[in-house]
Amino acid sequence: MIKNVTVIGAGTMGNGIAHVFAQQQFEVILVDISESALEKGMSTIRKNLDRMLQKEVIEEKTIRATLERLKTSTDLRSAVSKADLVVEAATENLDLKLKIFKDLDANALDKTILATNTSSISITHIGSVTKRPAQVIGMHFMNPVPIMKLVEIIRGYNTSDETAKTIMELSEKLGKTPTEVNDYPGFVSNRILMPMINEAVETLYNGVAGVEEIDTVMKLGMAHPMGPLQLADFIGLDVCLSILHVLYDGFKNPKYAPCPLLTNMVMAGKLGVKSGEGFYDYSESRKAEKVSSQFRKA
């Protein structure tokens, strides 16, 4: 039975995952390498809880109880020592994730399930660096975690039926809708989403239409709640680029090759919301306005 959960990474996904578990009465330890990252993550959780209170989704007592169940730590070893489940939500980088999972395997209880929130990296590969591949699974939450219902559950080649069943049932207890998929690059969500985002960037790069025009076509014409370029900004252009590299390396298909504009924007530090500018400008003076001057081929 899962009671104690440790979440690795206090960024956008990690603090959202910790929030959801704590709100659903699990004891949670949120881990990051720095106190400042943890403080920022906890601040985000408080803001999100306050927003839910203002919308009358929760009561004041729920906020107090949720925060009481949340602890923070910069010591991974002690933070996972009593965990029934660990959910890794670090940066989408293969080498980093493999290192984390080796550390988790060495320090967690033998019974502990090790889950990763990776959006594209092989669960089988991650599990292969542990002595418990049957207990390694993908648990891909959607952003923003407290709101989005889907959890993409990815079975590695060696993931056991028992582990998969436990995580599927656990996701339902969180109020989510779990959907089981197999372990191939990008899984389902990003295998479909990232080529669409990349094609939207190509459409911009080729001068077919501007940023707002492309997003308007997809919102009003295809009933998408958010246009692909704005969505890319919210995901993080660096994350989109990383996932496209995983897809391209996995399938060797040119349709997954990142658009040069996307590559250049990431190299220039234009990462979307997190950096204050991507396809739109998120600075206080021009929040969510279109950025147009740099979107030229030459």
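E180 is partly exposed, at 39% relative accessibility. That class lies between buried, under 20% relative accessible area, and exposed, over 50% (1.4 Å probe, protein chains only). The model is predicted: local features need pLDDT of at least 70, side-chain atom pairs count only at pLDDT 80 or more, and totals for chains, interfaces and linings use all residues. Residues are numbered from 1 along each chain as its sequence is written, and side-chain values use heavy atoms, with hydrogens and water left out.

E180 has a partner. R155 forms a salt bridge with E180, and their closest N and O atoms are 3.7 Å apart. R155 sits in strand β7 (residues 150-155) and E180 in strand β8 (residues 177-182), so the pair ties together parts 25 residues apart in sequence. Helices (H or I, at least four residues) and strands (E, at least two) are DSSP runs, numbered from the N terminus.

A salt bridge here is a side-chain nitrogen of Lys or Arg within 4 Å of a carboxyl oxygen of Asp or Glu. Side chains of opposite charge can pair when their charged atoms come close. The whole structure holds eleven salt bridges.

Another of them joins R132 to D105, at 2.7 Å from N to O. This pair links distant parts of the chain: R132 is in the loop between α6 (123-128) and β6 (136-141), while D105 is in helix α5 (residues 94-107), 27 residues apart. R132 is buried at 6% relative accessible area. D105 is buried too, at 14%.

Next comes E88. Its side chain meets that of K97 in a salt bridge, 2.4 Å from N to O. E88 is buried, with a relative accessible area of 0%. K97 is buried at 1%. Salt bridges with shared partners join E88, E92 and K97 into one network.
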